[in-house]
Amino acid sequence: RQLMSMLVGSSSGKVSQEEVQVSLWADSSSTRARSSFDSLLSRVRRTLDVALAPFDSKKYLVVKRGYLCLEHSRIDAHEFRRLVRKGSQQVASRELWPAEITFSSAFSLWRGTFVPGDFGCDEAIVFQDELEQLYLDTSQTFARLLAQNNRYLEAAKLLRDALRYEPTNDGVVRLLYSLCLAQDSPGQAGQVLKQYREALSRENFPKEEILEVLEGFPKEKAEQDWLVYD
């Protein structure tokens, strides 16, 4: 998992052997680290051989000129980022129907975070943070697209899924709250605020600040323009 997270976190789909050795065996000599690398690579390939049978993992996990590379592979995390950026450009060009199709393809790839811990690979951590922020931001854009087509339930589900990753994301909360009001569901809107208040409390926000934030939410549904894209 550590090794694969480093590969996935690399924008080029490859990582230098030296970087792997320094990250995973920082306290070992270069000779011992090289031996550990060879042993790890063999174990990973054996695992992949089982999962990919009858294909040979050496076709996909390749060492070239001091770099460990993923070849003949599509990395879902990279494809998600590409599609999200494409969809955002389509929205900016007011190509809304193509953008909805693009976002649907992107979100079908989302499986959450891919790094199960901090392994000392800064590039993978930075890439994961970028993906999560893209996911949260694009959830709002995609939800607006769905709501404009009166697909409120799909939009609300999309936003609730996003809040599982960041329960205190104010933009996601406000849009979900507005969706509930738009559906004439004040009870659900109140539940959104209750969960938001609890999430802010867990993050140790001061009570006065929480009250001030909640008081800024409208009491009634907006008459127009609440779905305007940022």
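Two strands count as paired if DSSP finds at least two bridges between them, and strands (E, at least two residues) and helices (H or I, at least four residues) are DSSP runs numbered from the N terminus. This is a predicted model, in which local features need pLDDT of at least 70, side-chain atom pairs count only at pLDDT 80 or more, and totals for chains, interfaces and linings use all residues. Residues are numbered from 1 along each chain as its sequence is written, and side-chain values use heavy atoms, with hydrogens and water left out.

In strand 3, L68 is the residue that stands opposite V63. Strand 3 covers residues 67–70 and pairs with strand 2 in the antiparallel sense over four bridges. The hairpin of these two strands has two residues between them, and R65 takes a positive phi near 50° there.

The open sheet is formed by three strands in the order 1-3-2, with antiparallel pairing. Strand 1 (14–16) and strand 2 (61–64) each have a single partner strand and stand at the edges, so one side of each is left without a neighbour in the sheet.

Helix 2 (residues 17–24) packs on the sheet and touches strand 1, strand 2 and strand 3, where contact means heavy atoms within 4.5 Å.

Terms used
Axes fitted to C-alpha atoms, helices over the stretch in contact; angles between N-to-C directions.
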